[in-house]
Amino acid sequence: MRREVRPFDASEYLDSEEMIAEYLSAAIEEGPDVFLLALGDIAKAVGMAEVAHRTGLGRESLYKSLAPGSKPRYETVWKLIQAFGLKLKFEPMHG
């Protein structure tokens, strides 16, 4: 009997603000490309239509901003973070 193996989809596990915050915190440690991929995973988990509504941005614009290799504007990233119910927090690298 063969089992079908589905690719891992992080968005299936992002079901709370706490989980989203942990995921995004880990992703930002890995660099901007991983961070942007994580934003896309979170948008998928929340629902792109809902994210568009919360940010005031169009769905098509969001898809383009979150596409691999894109360079979204700071304002777009800021709106996404707020739409996910998060805030930014900075800590010293050493100490």
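1. Let's start with Tyr74 and Trp78: these two sit four residues apart in helix α5, so about one helical turn separates them. Helices here are DSSP runs of H or I with at least four residues (strands would be E, at least two), numbered from the N terminus. Tyr74 is exposed at 56% relative accessible area, while Trp78 is partly exposed at 35%. For those labels, buried means under 20% relative accessible area, exposed over 50%, and partly exposed in between, with a 1.4 Å probe and protein chains only.

2. Before going on, some housekeeping. This is a predicted model, where local features need pLDDT of at least 70 and side-chain atom pairs count only at pLDDT 80 or more, while totals for chains, interfaces and linings use all residues. Residues are numbered from 1 along each chain as its sequence is written, and side-chain values use heavy atoms, with hydrogens and water left out.

3. How confident is the predictor? The average pLDDT (confidence in each residue, from 0 to 100) is 93 for the protein, and 99% of the residues score at least 70. Confidence is lowest in α1, with a mean of 94, and highest in helix α3, residues 48-55, at 97.

4. Now the aromatics. A pair of aromatic rings is described by how far apart the centres are and by the angle of the planes. Rings of Phe, Tyr and Trp (the six-membered ring for Trp) pair if their centres lie within 6.5 Å; planes under 30 degrees apart are stacked, over 60 edge-to-face, and the rest tilted. The structure has two such pairs. In one, Phe8 and Tyr13 have ring centres 5.6 Å apart and planes at 10°, so the pair is stacked. Tyr74 and Trp78 form a stacked pair too, with 6.2 Å centre to centre and 25° between the planes. As for accessibility, Phe8 is exposed at 66% and Tyr13 is partly exposed at 48%.

5. What lines the largest pocket? There are 18 lining residues, and Ser25, Ile28, Leu88, Lys89 and Phe90 lie nearest the centre of the pocket. The space in this pocket is about 730 Å³. On the method: on a 1 Å grid over the protein atoms alone, a pocket is an open set of points where a 1.4 Å probe fits, with protein on both sides within 12 Å along at least five of seven lines, and lining residues have an atom within 4 Å of a point. Grid points are joined across faces, edges and corners, and the volume is the space filled by probe spheres set on them.

6. Still on that lining: α1 (17-29) and α5 (74-83) each supply at least two residues, and α1 gives the largest share, five residues. By class, the lining has 13 nonpolar, one polar and four charged residues. Nonpolar covers Ala, Val, Leu, Ile, Met, Phe, Trp, Tyr, Cys and Pro; charged covers Asp, Glu, Lys and Arg; the others, Gly among them, are polar.

7. Thr55, in helix α3, is buried at 8% relative accessibility. The side chain of Thr55 reaches the backbone oxygen of Ala52 at 3.3 Å, and a polar atom of that side chain lies 3.2 Å from the backbone nitrogen of Leu57.

8. Two last residues to look at. Glu60, in helix α4 (residues 59-65), is exposed at 59%. Leu14, in the segment before α1, is buried at 8%; its C-alpha is 27 Å from that of Pro92, 78 residues away in sequence.

How values were computed: pLDDT is the predictor's confidence in each residue, from 0 to 100. A polar contact is a pair of N or O atoms within 3.5 Å; within protein, one must be able to donate a hydrogen and the other to accept it, and residues adjacent in sequence count only if both atoms are side-chain atoms.
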